[in-house]
Protein chains: 2
Amino acid sequence: MAYRKTPKVQAQQAAQRQRLLDAATALVAEGGFNAMTIAATAERAGVATGTVYKHFTNKGELCAELFRCATEVEVEQVRSLVTQDGSAAERLRAVISNFAARALRGQRLAYALIAEPVGALVEAERLHYRRSYATLFQSLIQEGIDRGEFAAQDAGISASALVGIIAETLVGPLNWHDSRSTPQAEHLVPQLQAVCLRALGTESN
Amino acid sequence: MAYRKTPKVQAQQAAQRQRLLDAATALVAEGGFNAMTIAATAERAGVATGTVYKHFTNKGELCAELFRCATEVEVEQVRSLVTQDGSAAERLRAVISNFAARALRGQRLAYALIAEPVGALVEAERLHYRRSYATLFQSLIQEGIDRGEFAAQDAGISASALVGIIAETLVGPLNWHDSRSTPQAEHLVPQLQAVCLRALGTESN
């Protein structure tokens, strides 16, 4: 009979895996993916290096799983705002200010998630999650078109456009290696809201 | 006295390096970065595998150099269209139709350059070249604002927005792994032009 893990052992392992992901995420939030190593993660979580390898084959896999967990949180934030009451334009404005404010607060982590050069596994996850965002935006845009708030347009193409605008305009301000000054949310957010709403063909910007 | 290469040897080496880059680019155009290996590049160029390593340390370096060469061509195309005569809106429309048509024609290569998960070296180059495109767009947008063609806006932020829109809306249609049908330039290009021009606050879309 094959060895089976008891529920207690399973729960302990799941908790340890989560502690490792939390430790790795904290390291990325401090110094980007570059600063996150298997050894540093083990030290941060207070376990032996070998323990990390029981849960993740290598750094690339740990990066990808960390990326998925952190990005799921952001996608759910967007989903909850997109599905609220109010005009489509209002909800889009709320999504943008919420997403940008969270990104600018957790600047180093946000840059790591959105753009830091890290490797093919995380890149593939980025493509996947950009489509999750686009799917949410597409429903919102279609609703806005149907209500006469937005111009007639291909909601799928415009949804991709919104994902592109938001990611690309944040890359510069979030990259503390590059930025000569602290990103100024009070300037960036209204500009970003305005360019997105104009892109959808609404006058209410 | 240190050994110096004669001009003739230098020219031969430069020509060989270019043949290798051409062979590698042809492989990427057929099957993406994934299909491009040092061995396949050597075979394609009709040289021994070891010869490739005289010019490039590893596949990552060859990918990055190939990326730079191919992307420089695209940036120069955009530069030449941006600096032509005509209204800012007309030039932007020309940039978009030219860029999208070239991308959709060389679909596999364009996807590889814009979005294929390949590794940190190419990702870093992507960030660099996206800023080159943004710099070109920023001048064009500023000109459009000054002429009263576009709404008042932060031209730097809107330039990043254009880069994001164009890249993100092309990723789906270019990804032949994903796309259920051939990308239809005749539908995509006018939508892309319209969303970009609306984003800049012009009525002429």
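B:E168 and A:R130 form a salt bridge, with their closest N and O atoms 2.4 Å apart (a salt bridge is a side-chain nitrogen of Lys or Arg within 4 Å of a carboxyl oxygen of Asp or Glu). This is a predicted model, where local features need pLDDT of at least 70, side-chain atom pairs count only at pLDDT 80 or more, and totals for chains, interfaces and linings use all residues. Residues are numbered from 1 along each chain as its sequence is written, chains are lettered from A and ligands numbered from 1 in the order in which they are written, and side-chain values use heavy atoms, leaving out hydrogens and water.

**Exercise 1.** Find how many residues each chain gives to the contact, and how much area the chains bury.

*Solution.* 
- Step 1: Count residues in contact (heavy atoms within 4.5 Å): 37 come from chain A and 36 from chain B.
- Step 2: Turn to area, since the size of an interface is often given as the accessible area lost when the parts come together.
- Step 3: Chains A and B bury about 2,800 Å² between them, 58% of it on carbon and sulfur atoms (buried area is the accessible area, with a 1.4 Å probe, that two parts lose on being put together, summed over both).
- Step 4: On the chain A side, the most area is lost by A:I157, A:E168 and A:R198, together 23% of what that side buries.

**Exercise 2.** Work out how chain A is related to chain B.

*Solution.* 
- Step 1: Superpose the copies by least squares on the C-alpha atoms of residues with pLDDT of at least 70 in both.

**Exercise 3.** Decide whether B:R91 is buried or exposed, and find its polar partners.

*Solution.* 
- Step 2: With a relative accessible area of 4%, B:R91 is buried (under 20% relative accessible area, 1.4 Å probe, protein chains only).
- Step 3: The side chains of B:R91 and B:E143 make a polar contact of 2.7 Å (a pair of N or O atoms within 3.5 Å; within protein, one must be able to donate a hydrogen and the other to accept it, and residues adjacent in sequence count only if both atoms are side-chain atoms).
- Step 4: A polar side-chain atom of B:R91 also lies 3.1 Å from the backbone oxygen of B:G86.

Definitions and conventions: Buried < 20%, exposed > 50% of the residue type's maximum accessible area, 1.4 Å probe, protein only.
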